[in-house]
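I opened my notebook with this model on the screen. Here is what I looked up, entry by entry.

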Amino acid sequence: MADFRIEWVDETGSTNADLLAAARGGAEANTVLAADYQSAGRGRRGRTWGASPGSSLLFSVLTRPQIDVEQAHLVTTALALGAVEACDSLAGVRPGLKWPNDLVAGDRKLAGVLAESVVAGERLEAVVVGMGLNARSGAAPSETAGSAVALEDVCGSVIDRRELLAEILTGFAHWMERIEEAGGRAELMASARHESATLGCQVTVELGDGTVLEGLAEDLDDRGALLLEGGTRVVVGDVVHLRGQSGSP
């Protein structure tokens, strides 16, 4: 297993932003920064991620995988799968993966993952991947008020955030050891399909330009794109699961 160097701080702006700066300054892989509170936490497409101090597990990991730029999405998947396994192991709760980067319990958001890359020319120098996971009972980031859920609310017991972090990193390390070889990447994507809460659902997908697509979510390709019935390939978009549908087991 990788030897992670973990720093836990009371407050910072954004753990991702801090580690991106550290990555550009030559910091080593497997550096982890966790915070009790982020004043400028970020989600996808520039959204904010807000949570009261101590209510969520907020952390980022600096990685330097030997993969191509177009494979950087695998780091997001690796962390998400590590979190699924950790929640199952510690809390008896197995979240689903809502495409492209959320963990859900039922139809409510439990966690979000955000990866950002450092690229030089055509070379991937680093990937910083962060997670905000609602841990403590009542935690609800402002961006998902009314549609979020905390791990403690689902499992009915107290969650130790440091223990949860250690368990997530254990699973993350396992998957990161696999993604530099073709067989490992195929195994990772097979697990992502199995844990998906989106595949098998009728969905709407809002693209960045405002276009809205609707259809059956059929598959994920090896680059992490969502494939809708009829062959439509979606690389980036916001998904809504339409009610009355259910994802894969």
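How do the residues of the lining of the second largest pocket divide into nonpolar, polar and charged? I found 16 nonpolar, eight polar and eight charged, where Ala, Val, Leu, Ile, Met, Phe, Trp, Tyr, Cys and Pro count as nonpolar, Asp, Glu, Lys and Arg as charged, and the others, Gly among them, as polar.

A note on the source: this is a predicted model, with local features needing pLDDT of at least 70, side-chain atom pairs counting only at pLDDT 80 or more, and totals for chains, interfaces and linings using all residues. Residues are numbered from 1 along each chain as its sequence is written, and side-chain values use heavy atoms, with hydrogens and water left out.

Back to the second largest pocket: among its 32 lining residues, I noted His-73, Thr-76, Pro-100, Gly-224 and Val-235 as the closest to its centre. (A pocket is an open set of points on a 1 Å grid over the protein atoms alone, where a 1.4 Å probe fits, with protein on both sides within 12 Å along at least five of seven lines; lining residues have an atom within 4 Å of a point.) β6 gives the most to this lining, five residues; strands are DSSP runs of E, at least two residues, numbered from the N terminus.

Next I looked at Gly-230, which sits in the loop between β10 (226-228) and β11 (233-234). Gly-230 counts as exposed because its relative accessibility is 79%, and exposed means over 50% (1.4 Å probe, protein chains only). Its C-alpha is 9.1 Å from that of Glu-218, twelve residues away in sequence.

Last, I checked Phe-59: leaving aside neighbours within four places in sequence, its contacts (heavy atoms within 4.5 Å) include Thr-15, Leu-79 and Met-131.

Notes:
Helices (H or I, at least four residues) and strands (E, at least two) are DSSP runs, numbered from the N terminus. Buried means under 20% relative accessible area, exposed over 50%, partly exposed in between (1.4 Å probe, protein chains only).
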